[in-house]
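Please keep the sequence and the 3D view open as you go.

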Amino acid sequence: MTKRIINMLMNRSLFTKIFISICIVAMIGIFGTAIIYQKYFKDILIDIEIDRVQRSINQSALNLDSQLSKIVNDMFYFFEYSDSGLDLLKADISQSKLTNDREEANKILEAFQMRYSGDVESVFFYRKDANGSEYFLHDPRFNRNPMIDYKAHQWYQIFQQKQHLLWTKPTRDHLFFQDVSQQTVYLTMSKYDVLDRDGIFVVRINAKMFRDAFRLLIGNDLYIELSDASGHLVYSSFPPKPSDDSENWLEMAALMEYSGYTVHAFANKQMLMEKVNKIGKVRFFVIVIVLIITLIISVILSMTLVKPIRTLLNLMKVVEKGDFNVRFPSKYKDEIGVLGLGFSKMVLRVSELIQRVYVVEIEKMESELRQKEATIIAMQNQINPHFLYNTLETVNCLAIVHRVPNITQVSTALADFFRYSIEKQQIEVTLQDELRHVETYLLIQKERYPEIEYHLAVATEALQYPIIKLVLQPLIENIYHHAFVGERDYFFQITGYMVDELSYVVEIEDNGEGMDEVALDQMMLMFEQVESPMMIDPSIKSKSARHGIGLLNVHTRIRLHYGVPYGLTLLHSVLGGLIVRLQLPRKPTNLQNKEE
């Protein structure tokens with residue numbers, strides 16, 4: 001029976017097998033999780049909730065302890081380290097009138113109380129002189145209750161016994177009408193036998209400070225008790241007492257290290273269980289939703305895994321029909337990707353073997369044709385310049401005889417122009433020699449286009465750096481033929497400067513008609529493909545050839561001689577035209593090196 005089921009499953013499509021496998025694994029995970037939740041997860045949730053409450057209590061206790069310590073530290077500084085404590089003892093105080101010392105002392109106490117207006121209810125200083133006189137100093141905004149016998153208060157008994165006790169027991173004692181807390185604690189600091197006087201500095205804490213510290217925690221399921229180091233109750237949130245039903249309440253505690261106070265928190269166990277059970281109620285719906293999502297993901301994942309295999313099968317059928325121009329789109333490096341890559345290599349190899357004979361013969365014919373064309377061009381470059389050069393020398397002699405200086409100047413310049421092109425067949429010259437040749441060309445063009453202005457601004461140190469011969473003049477010629485075609489004033493400039501220790505730049509910038517974005521991108525694409533000329537669009541390449549040597553030919557000469565990154569870059573000029581930037585090396589060069 002088992003073998004029959006396995007055979008039936010294995011005869012199914014790959015999609016069905018993957019889908020069933022993913023579903024089985026997902027079901028095991030989902031129902032396994034449900035069982036684990038039923039046994040263990042509920043207890044874990046309860047522990048997490050208890051830990052959350054405990055951390056909240058610890059944080060609130062830490063905040064309250066920090067605030068109390070800040071008040072105590074300010075009291076200590078105020079009374080012990082600053083001059084305020086001594087000033088209160090030395091002050092000239094009279095019961096019958098308001099002296100300057102008494103007014104100043106009251107202001108000092110008022111300033112201290114104002115710093116903690118929300119946490120401190122009242123601040124006062126009690127002094128007893130050697131003659132038995134007793135004085136109260138306090139914030140002048142506060143009014144003493146004359147019906148209160150302050151001698152029964154804890155702070156007074158501490159003072160009478162000349163003790164030093166910072167924290168008093170929780171008490172309902174109050175001295176001023178503005179003291180509204182029913183029960184709170186006092187903070188005291190004393191000085192005895194100083195200038196034959198005793199004094200005590202007393203701060204009454206506002207009970208609202210304790211209530212606010214735990215305001216966000218207190219509720220029907222949690223209440224707080226705060227007790228001092230001796231166990232006296234300082235604050236309580238007044239819920240039902242846990243002793244009434246102690247089994248339903250969970251007690252937690254947090255010790256406040258500075259003050260020694262202890263926070264006791266009582267959490268309702270039933271409320272904690274209700275929060276955990278709310279999660280259990282949605283468990284069934286979560287399982288259903290997870291099952292649906294699992295089925296959807298299983299379908300998508302199965303289709304994703306099967307799709308490349310189906311693609312490979314379809315490509316094999318295409319190859320069977322004799323079409324070898326197919327490739328497997330391998331996006332990943334898994335087993336299927338490696339298989340598809342091997343298939344693509346096999347198809348490519350078969351296609352190459354079939355076409356090799358034809359390709360070899362075609363390349364041989366093209367190579368012979370290019371060699372013949374190069375031979376013809378070389379012969380033209382040698383014959384025509386010599387003939388023109390000799391003719392120009394004759395014209396120059398006739399112009400001198402007939403006293404026509406303009407013809408003499410132009411013919412001489414033209415002769416120099418062709419002499420530079422013919423003689424000293426070098427690959428490289430100095431930038432100075434190349435610029436001199438450009439100036440000869442510009443002298444000739446000035447006779448034809450007197451309205452066109454130009455400017456040369458090349459750094460002196462760049463003049464001795466190498467440049468391939470006859471690359472600047474074709475670029476200038478390109479400007480006259482293609483940039484200056486309108487009826488307005490035109491201008492161009494040639495600049496040269498150093499880029500770094502290895503290279504320098506020559507820029508030719510004009511204010512001509514410029515080049516649109518598409519054409520500029522096409523030229524830059526041709527520059528990038530110069531090392532693979534078969535990749536260049538034939539129409540663009542033909543158009544470049546019709547314009548003399550052309551931008552592409554200049555870039556090709558530089559790139560083939562110097563390599564990357566040297567060559568031409570085209571940029572839009574702020575003048576409205578174009579910037580042709582030549583990047584060249586500053587390396588030493590042998591200027592006598594002949595072209596092959």
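What follows covers the sheet and then the salt bridges.

This is a predicted model, in which local features need pLDDT of at least 70 and side-chain atom pairs count only at pLDDT 80 or more, while totals for chains, interfaces and linings use all residues. Residues are numbered from 1 along each chain as its sequence is written, and side-chain values use heavy atoms, leaving out hydrogens and water.

**The sheet**
- An open, antiparallel sheet is built from 4 strands in the order β2-β1-β4-β3 (strands are DSSP runs of E, at least two residues, numbered from the N terminus; two of them pair if DSSP finds at least two bridges between them).
- β2 (134-138) and β3 (186-194) each have a single partner strand, so one side of each lacks a neighbour in the sheet.
- Strand β1 (residues 120-129) runs antiparallel to β2, joined by 5 bridges, and F124 sits opposite H138 in β2.

**Salt bridges**
- There are 15 salt bridges in the structure (a side-chain nitrogen of Lys or Arg within 4 Å of a carboxyl oxygen of Asp or Glu).
- R141 and D139 meet at 2.6 Å, N to O, and E110 joins these two in a salt-bridge network.
- D139 is buried at 1% relative accessibility, whereas R141 is partly exposed at 42% (buried is under 20% relative accessible area, exposed over 50%, partly exposed in between, with a 1.4 Å probe and protein chains only).
- K162 and D198 form a salt bridge with their closest N and O atoms 3.7 Å apart.
- This pair links distant parts of the chain, 36 residues apart: K162 lies in the loop between α5 (154-160) and β3, and D198 in strand β4 (residues 197-205).
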